[in-house]
Every structure is written in structure tokens, then in C-alpha cells.
Amino acid sequence: MAEPCTASLLKKNYYENCPGCKVDQYKELHRGFPIRELVSTWVVVLCTALPISSLFPFLYFMIRDFHIAKREEDIGYYAGYVGSSFMLGRVLTSVFWGIVADRYGRKPVIIIGSITVVIFNTLFGLSVNFWMAVTTRFLLGSLNGLLGPIKAYAGEVFREEYQALGISAITTAWGMGLIIGPALGGFLAQPAEKYPNIFSKESLFGRFPYFLPCLCISLFALAVSIGCFWLPETLHMHGGKTLPDDLDEGLETGSCNSNINEKTEQIEGTGPTAKENLIKNWPLMSAIIVYCIFSLHDMAYTEIFSLWAVSPRNLGGLSYSTNDVGEVLSFSGFGLLVFQFSLYPYVERYIGPTMVMRIAGVLSIPLLASYPFMTFLSGFSLTILLNCASLFKNVFSVSIITTLFILQNRAVEQNQRGAANGISMTAMSLFKAAAPAGGGAIFSWAQKRQHAVFLPGDQMVFFVLNVIEAIGVLMTFKPFLAQK
């Protein structure tokens, strides 16, 4: 009988004798198709993504009901501050949660983040004034730091051949959350007005017309929080030592070459440290910067689309109800789900993730330029065109973010992914905090210039979005974007 490879013995000895090590963790990482991990990752990301944009379909009406805006054109200005408060809170704490995830594990941060959604999303639905809404959104963002750790988790719990699928699951759930959330907000807000046979005006949902969509999301988050206690911990830290990723290659290929001793030294702490300065890691930093540009665009688009759709026709909008917006976003969400799980893996494998990102960015520009001209349509033709445009725009956006998630995870070693994703989340959140405030201000300004000669009304809004998109596309080329 053939003797086992030195790499195999080394790895077996490490997992059996290292204090505190869990052999079942190793087995969890090296099994067949990871359907359990795929579902759990998808559900956790969906939980944190739902409340981010669920408010946008009804935010226009919520600000109006607070009676803080003196003119109708100023509603978008105040709406931007409510939208920005979530991301501002995330900016201040993302690196902290990334460090906590690297030191104490991914699982505790994921549980805390999902419980935060339960508490503060519920309180937001019960807001009675502008400042309560801003405060609860800020606390929701600052205490919910699970997106960075779940990205690291996906890079660890999936084997290399399934990592593209794992990252795709994150971005799909994220994109679905940014679509299903507004759809829920659109269908369930103001239930006493829409469904008077079920909800009376004297009921809790009549007195708090924006509580029902928040409550539904919070109940889902409660179920996710309970389920998270059964998630496997994937942080391979054993008394301060980290198992090098490339030892896996020696085991899988059966090689027993001279670099085994070097790997042994790294495990025992006598070899060179695996840590590196993340700020000097240009492949990581360039991917984060490009990610921030596209995140700025996507967040601004998410808010502007809902504000534009529900604003009156005389101000350049579509005069849609929250139900109409919910229907559009529901259709987009279903199409996005089909694309990401059926077509994206094949497209990414055929032309590569970077090319997918560039093509999606280029195609988004003429698509966005067509939005202001939809106000000349009505009825069935408007419904068909708007649904198709929204579907393609969200498919393009999620394809771009999927690529950037993959590039970021490939740029760092496993033991630094939590911190790297914390930096990514901080930078992204800073841009996303600016997006709603800036988008709301530009939207309010554009509504006041309906008869301007150059880019009147909402044409200016979508022109600014296209400028940001074009900058992002240019930054995906060398020498700016580097890859390991």
C-alpha cells in the first residue's frame, strides 16, 4: 500500500493536534456541491440587503407626512438625508466589524448584524418625525456590519471551483435585496389606504402607514438570526496561527516537493509572516476604488429611480403609485435571479469576469440615457419599456459588483479577508452615504429647471448618473485596475 504524501500527513497532524482546531470544519470545507452553504449565504445577505433600499418607494410620501419640506420640490432633498444616514453609520464601523470578524470569527458578527436588522428596522417603521427616521437608520447601518464578513465567509466556505458561484450568490442576494426590498415597500406601505378591508385607519398600520413593510423584513431577519446559530465558523485561526492556502494545492496534487518545510515553518510561526500591508496592496485597493465608483452610481440610481417614478408628471416624473413601483421592481428581481443562477456563470467562464464588468458598464450608459424620454409614453407601452429597462439595468449592475467581489477576494490571503472587506465596506459606505444625499439634492434641483435649455428637468439627473458610470468603466482598464 502506498504511503501517504508528506503534505497529507502534515495537514492531518496539524488539524488533529492544533489546540482548539475542529476537524469537522475541515470536512465542511472539502465536501461535494455546497448547496447548504449556498442557501445560507444567500439568505444572510438578503437579510442585510432588504432594509437598505426598502424605504425608497415610500420615502417621498414619508417625508411629505413629516411636514418638514416647505415645497414639494424639496422633498427629494430631505429624502436624501434619510437614505444617507444608513451608509454614514456603516462608514464609521465597517473596519471595526472586519477586525472583530478576523479576531473572534465571522459567525458572531453575522448574528449581531442580523439581530440589528430586527430591532432598528422595526423602529424605523414606527418613526413619527424626520429625526427619529434619521437616527434609527444611522444605528441600523453602524451596528449591522455583516456584509464584509459574509464576503470573507463565502471565500472560505466554498472550495476554489465553487468560489465564483459563492460570490455570485452574494451579489445576486444583494441585488435581489435591493430590488425585493423596494418592492415590499411599494406593495405594503400605506396599507390602510390600499387595503381598507383588511387594515383600518384606526389600527396600528393605519397610524403608522410605513410600519408593515419594515415589520415583514424584521420578521424575516429574526428567522435568519435564529438560523445563523447553526452556521459553521470558517475562521481558521488556531492559537494565532493560520493554515496557508497553498498547502491545499500540495495535498490535492499529491506533491511532496521541497517547499513543504517552508509551509511547516509558516504554520509553526517560524517562517515569514503571511500578513501584508493592505493599503499597499494595489490589486486590492484598485478593485475597492472601482467598486466605490459603481456603488456610488448604483445607490444614487436606486433612490433616484423611485423618486422619479412617484413624482408628478408636471415635475418630470411618471406619477406612479408605490404599488406600480413595486411591480416594476418585482419583475426586475425575478429576471435578475434567473440571469445570475443560469446565465452569469457561463458568461463569466466564457469571456472572464473583467470583460463582463466592462460590457455591462458600457451598455448601461445608453440605457440610462433613455429614461427621461419614457415620460412621453403612457399605458401599456410605458409599462413594457420601463420593466425591460429596469431589468437590464439591474442585471448590468449586479454583474459588475459580482466581478469586483471576486477580484477583491483574490487579492488577499484568507487570514486578511475580513479586514480587507472591512476596508472595502468602509470606502463603499462612504460613497453610498454621499449618493442618496447628492442624488436627492440633484433631483430636487433638476425638478426646478423643467424649462432649461441644456438638459432640462430629469435629463440632467440621468446625465450625471451616466458620467459616473463612464468614469467607472474607464477605471476598469490597465494601468489602473490591477489583478493578482
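1. Helices (H or I, at least four residues) and strands (E, at least two) are DSSP runs, numbered from the N terminus. Ser286 is found in one of these helices, α15, which covers residues 282–310. This is a predicted model: local features need pLDDT of at least 70, side-chain atom pairs count only at pLDDT 80 or more, and totals for chains, interfaces and linings use all residues. Residues are numbered from 1 along each chain as its sequence is written, and side-chain values use heavy atoms, with hydrogens and water left out.

2. Start with the overall picture. The protein chain has 20 helices and two strands. Buried means under 20% relative accessible area, exposed means over 50%, and partly exposed is in between (1.4 Å probe, protein chains only). Of the 484 residues of the protein chain, 58% count as buried. Contact means heavy atoms within 4.5 Å. Take the contacts in the protein chain between residues at least 6 apart in sequence: 81% of them join residues at least 24 apart.

3. Back to Ser286. Is Ser286 buried or exposed? Ser286 is buried, because its relative accessible area is 0%. Leave aside its neighbours within four places in sequence, and Ser286 is in contact with Phe480, Leu481 and Ala482.

4. Next, the nonpolar cores. In soluble globular proteins, nonpolar side chains tend to be buried together. A nonpolar core here is a set of buried Ala, Val, Leu, Ile, Met, Phe, Trp, Tyr and Cys residues joined through side-chain atoms within 4.5 Å. The largest such core has 122 residues, and Trp308 and Tyr371 touch the most other members. Helix α15 gives the most to this core, with 19 residues. Apart from it lies another core, of six residues, among them Phe205, Phe208, Phe211 and Leu212.

5. Look at Tyr371 itself. Not counting residues up to four places away in sequence, Tyr371 touches Tyr301, Phe305, Trp308, Ala389, Ser390, Lys393 and Phe462.

6. Lys393 also takes part in a salt bridge, with Asp298 (3.9 Å, N to O). Asp298 lies in helix α15 and Lys393 in helix α18 (residues 379–410), so the pair ties together parts that are 95 residues apart in sequence. A salt bridge means a side-chain nitrogen of Lys or Arg within 4 Å of a carboxyl oxygen of Asp or Glu. Asp298 counts as buried, at 14% relative accessibility. Lys393 is buried too, at 1%.

7. How many salt bridges does the structure hold? It holds five. Side chains of opposite charge can pair when their charged atoms come close. Arg106 and Asp102 meet at 2.6 Å, N to O. Arg106 is buried at 0% relative accessibility, and Asp102 is buried at 14%. Arg64 and Asp65 meet at 3.4 Å, N to O. Arg64 is partly exposed at 38%, and Asp65 is partly exposed at 32%. Arg71, Asp74 and Lys448 are linked in a network of salt bridges.

8. Now a helix pair. Two packed helices are described by the angle between their axes and the distance between the axes. Axes are lines fitted to C-alpha atoms, for helices over the stretch in contact, and angles run from 0 to 180 degrees between N-to-C directions. Helix α16 (residues 322–351) and helix α17 (residues 353–369) pack at an angle of about 110°, with their axes 7 Å apart. That makes α16 roughly perpendicular to α17, a label for angles of 65 to 115 degrees (under 35 is roughly parallel, over 145 roughly antiparallel, the rest oblique).

9. Which residues of α16 and α17 meet? Tyr344, Val347, Glu348 and Ile351 in α16 meet Pro353, Met355, Val356 and Ile359 in α17. By class, this contact has seven nonpolar, no polar and one charged residues. Ala, Val, Leu, Ile, Met, Phe, Trp, Tyr, Cys and Pro count as nonpolar, Asp, Glu, Lys and Arg as charged, and the others, Gly among them, as polar.

10. Val395 lies in helix α18. Val395 is buried, at 9% relative accessibility. Leu336 and Phe339 touch Val395, not counting residues up to four places away in sequence. The C-alpha atoms of Val395 and Gly333 are separated by 9.1 Å, though the two residues are 62 apart along the chain.

11. Last, the backbone. Most residues other than glycine have a negative phi, and most peptide bonds are trans. The peptide bond from Lys478 to Pro479 is cis, with omega near 10°. Pro479 lies in the segment after α20 (458–474). His67 has a positive phi, near 60°. His67 sits in the loop between α4 (56–66) and α5 (75–104), and is exposed at 68% relative accessibility. Ser319 also has a positive phi, of about 55°. Ser319 lies in the loop between α15 and α16 and is partly exposed at 43%.
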